[in-house]
Amino acid sequence: MTNPELLQKFFDAENARDWIAFRGYLHPQVMWFLHTEMTHMPVAGREEYMDRILSGYRTSDATFTCERMEVSASGNRIVAFLRNSAGGRSVDIFDFEDGLIRWEYEYLLD
């Protein structure tokens, strides 16, 4: 399976709230950097990543779609343009290592 296919399955698992599958796409030492215009928050490791995601979805039933993906020549870096069901947008950059998401840089646009 290619990294773009893995990333789409990761998104599908998030929308389905299939947290077991979702967690399986994350590298144990995943780093997620969440950027708004006012804050920049690093999240380190699979467990902290899952804690942050689960706490965010406790009060949200939002889903999202990937409007477009741009893939590097190696296939190990993907830029995804996302829109959630409330209209919010983000640009996310994913780097893969050993077939898992190792780095994510998320920039919220709305």
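Here are a few friendly notes on the nonpolar core and the aromatic rings of this predicted model.

1. Let's start with the core. The largest nonpolar core has 23 residues, and Phe10 and Tyr49 are the members that touch the most others. At least two residues of this core come from each of α1 (3–16), β1 (26–35), α3 (46–57), β4 (77–84) and β5 (89–97). Helix α1 gives the largest share, with 5 residues.

2. Phe10 deserves a look of its own. Beyond its neighbours within four places in sequence, Phe10 is in contact with Phe22, Tyr25, Leu26, Tyr49, Phe94 and Ile101.

3. Now for the rings. The whole structure holds 12 aromatic pairs. In one of them, Phe10 with Phe11, the pair counts as tilted because the planes meet at 50°, with the ring centres 6.1 Å apart. Phe10 and Phe11 are both buried.

4. Phe11 also pairs with Phe64, this time edge-to-face, with 5.4 Å between the centres and 80° between the planes. This pair joins distant parts of the chain: Phe11 belongs to helix α1 and Phe64 to strand β3 (residues 64–71), 53 residues apart. Phe11 counts as buried because its relative accessibility is 2%. Phe64, at a relative accessible area of 13%, is buried too.

5. Stepping back, ring pairs join Phe10, Phe11, Trp19, Phe22, Tyr25, Trp32, Tyr49, Tyr57, Phe64 and Phe94 into a cluster.

Terms used
Residues numbered from 1 in each chain as written. Predicted model: local features only at pLDDT ≥ 70, side-chain atom pairs only at ≥ 80, totals over all residues. Heavy atoms only, no water. Core = buried A, V, L, I, M, F, W, Y, C linked by side-chain atoms within 4.5 Å. Buried < 20%, exposed > 50% of the residue type's maximum accessible area, 1.4 Å probe, protein only. Helix = DSSP H or I, 4+ residues; strand = E, 2+ residues; numbered from the N terminus. Contact = heavy atoms within 4.5 Å. Phe/Tyr/Trp six-rings, centres within 6.5 Å; stacked < 30°, edge-to-face > 60°.
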